[in-house]
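Hi,

Here is the structure I said I would pass on. Have a look at it first, and then read on for what turned up.

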Amino acid sequence: MKIVKVQDIIGTEREVSDKQWTSRRLLLKKDGMGFSFHETIIKAGSEHTFWYKHHLEAVYCVAGNGRIKDLATGEVHEITDGTLYALDNHDKHTLYGGTEDMRLICAFNPPVTGQEVHDEDGAYLPDSGDN
């Protein structure tokens, strides 16, 4: 059994951030669960384009608000507390922070190692097998 407290991750290598977002990686590939699990904070008013070409992601909003735009269809969906979106087709999308910071709970398959950085397309590279 694993017990992970987000307050124990803050300020460690499992917390990754820039000026517009913070990701706290509660479970990573090395934890052996078959997926990774994150808490991500998207800053109000920010804009992010992502395209997880090598990962599937499910995201559940537990606080705040924003929008997501499917770049293939142009459809825009509101995100509020209690909304889940699943990027089940490696969907290229833009995520917009709303009037409040969004607190998102995210699961990635395959799991991330924690060392990934977004490439020029907003994707993580495929897993190299390490970690």
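Tyr52 and Phe108 are both buried (buried is under 20% relative accessible area, exposed over 50%, partly exposed in between, with a 1.4 Å probe and protein chains only). Their rings make an edge-to-face pair, 5.1 Å centre to centre with 90° between the planes. For pairs like this, rings of Phe, Tyr and Trp (its six-membered ring) need centres within 6.5 Å; planes under 30 degrees apart are stacked, over 60 edge-to-face, and the rest tilted. Tyr52 sits in the loop between E4 and E5 and Phe108 in strand E10, so this pair ties together parts that are 56 residues apart in sequence. Helices (H or I, at least four residues) and strands (E, at least two) are DSSP runs, numbered from the N terminus.

Before I go on: this is a predicted model, so local features need pLDDT of at least 70 and side-chain atom pairs count only at pLDDT 80 or more, while totals for chains, interfaces and linings use all residues. Residues are numbered from 1 along each chain as its sequence is written, and side-chain values use heavy atoms, with hydrogens and water left out.

Back to the rings. There are two aromatic pairs in the structure; Phe50 and Tyr52 make a stacked one, at 5.7 Å centre to centre and 15° between the planes. Phe50 counts as buried because its relative accessibility is 11%. Together, Phe50, Tyr52 and Phe108 form one aromatic cluster.

Next, the core. The largest nonpolar core has 17 residues, and Ile42, Leu95 and Leu104 are among those with the most contacts inside it. (A nonpolar core is a set of buried Ala, Val, Leu, Ile, Met, Phe, Trp, Tyr and Cys residues joined through side-chain atoms within 4.5 Å.) Strands E5 (56–63), E8 (84–87) and E10 (102–109) each give two or more residues to this core, and E10 gives the most, with four.

Which residues does His48 touch? Not counting residues up to four places away in sequence, they are Gln20, Trp21, Ile42, His93, Thr94 and Leu95, where contact means heavy atoms within 4.5 Å. His48 belongs to strand E4 (residues 47–50) and is buried, at 6% relative accessible area.

Then the charges. The structure holds four salt bridges (a side-chain nitrogen of Lys or Arg within 4 Å of a carboxyl oxygen of Asp or Glu). Arg24 pairs with Glu15 at 2.8 Å, N to O, and also with Glu39, where the closest N and O atoms are 2.9 Å apart. Salt bridges with shared partners join Glu15, Arg24, Glu39 and Arg103 into one network.

Another salt bridge links Asp31 and Arg14, with 3.1 Å between the closest N and O atoms. Asp31 is buried at 17% relative accessibility, and Arg14 is buried too, at 14%.

One last item: the C-alpha atoms of Lys30 and Thr113 are separated by 6.9 Å, although these residues are 83 apart along the chain. Lys30 lies in the loop between strand E2 (21–27) and strand E3 (36–42) and counts as exposed, at 54% relative accessibility.

Cheers
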